[in-house]
Amino acid sequence: MNTEDRTPPPATVTRVEDHRPIGRPESVALARTETSRMVALLRDLHPSDWSRPTDCTDWDVRDVAGHVLGMTETFTSLPLMARTMVGAGRAQQRGTTFIDTMTARQVRAHAGLTTGELISRMGAAGPVQARWRGSRRLLRAVPMPNELHDGTTETWRFAFLLDVVLTRDTWMHRIDVATATGRPLELTAAHDGRLVADVVAEWARRHGQPFRLHLTGPAGGDFTHGDAGEELTLDAVAFCRTLAGRLPGEGLLAQEVPF
């Protein structure tokens, strides 16, 4: 008598050494998809949701959306980007970071918009931003300093900002909004799983220690680096929220990754 083998196939384990970094043209598609998902989430909110507090210090949902709109529109043209960065540089005060100054200015600049206007502008700017970011050739090699949460400063290439960080930023803020409002978070392996895998690879490079990592949920996967090492199992979104400073982390999970 024939019997069906119901043993699940072994999970595919990804060695972070084999990870393929995100670059063009994939980065353009990821950016476009991420902004559209943020817009869809904001459209689903009730009026009372916009004033709910988020994991971002001193920001409610509306403030987060104002910042995301600012980042989306800023990177749709070179003049807009230049004006935004020059303005933030001039407004920066001793004891504050450039990025905190810039994002605070974005929130204030959009405080007078209706939620409908905010969503409409973000929806219109999203595809433009994705195309513009992918078309910057000369700008990609320009070095830029960035201060991390722990106070250290590191130098990036603009390509890292354009291809990776701006999309991560919107993605993490989409999580912030969903967490604050209790709305379902749209997650797929092709989009969110790709972003998470890239975070895992960078996290591994930054701490340099061996590990076995099992991330659960639609955006999760199994990852390994080196021989043996610490074994970790947690939700993929919680993993990224921890590395972004939204949740406390110990051991290897205390290693910051920029979002």
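User: Which helix gives the most to the lining of the second largest pocket?

Analyst: This is a predicted model, where local features need pLDDT of at least 70, side-chain atom pairs count only at pLDDT 80 or more, and totals for chains, interfaces and linings use all residues. Residues are numbered from 1 along each chain as its sequence is written, and side-chain values use heavy atoms, without hydrogens or water. Three helices, α2, α3 (78-91) and α4, each supply at least two lining residues (helices are DSSP runs of H or I with at least four residues, strands runs of E with at least two). With 4 residues, the helix that gives the most is α4.

User: How much space lies in the second largest pocket?

Analyst: A pocket is an open set of points on a 1 Å grid where a 1.4 Å probe fits, with protein on both sides within 12 Å along at least five of seven lines; lining residues have an atom within 4 Å of a point. Here the lining includes G70, E73, M102 and R105. The volume, the space filled by probe spheres set on the points, is about 240 Å³.

User: At what angle do the axes of α2 and α5 cross?

Analyst: α5 spans residues 115-135, and the two axes, lines fitted to C-alpha atoms over the stretch in contact with angles from 0 to 180 degrees, come within 9 Å. The contact (heavy atoms within 4.5 Å) includes A65 and L69 of α2 and L118 and M122 of α5. Its residues divide into 7 nonpolar, 5 polar and 3 charged. The crossing angle is roughly 30°.

User: Why is the pair of W171 and F259 called stacked?

Analyst: Aromatic rings pair if their centres lie within 6.5 Å, and planes under 30 degrees apart count as stacked, over 60 as edge-to-face and the rest as tilted. W171 lies in α6 and F259 in the segment after α8 (236-243), so the pair ties together parts 88 residues apart in sequence. The ring centres are 6.5 Å apart, and the pair is stacked because the planes are at 20°.

User: Which residues does the cis peptide bond join?

Analyst: Look in the loop between β1 (13-15) and α1 (26-43), where P25 is found. Omega is about 0° at this bond, which joins R24 and P25.

Notes. Nonpolar A, V, L, I, M, F, W, Y, C, P; charged D, E, K, R; others polar. Phe/Tyr/Trp six-rings, centres within 6.5 Å; stacked < 30°, edge-to-face > 60°.
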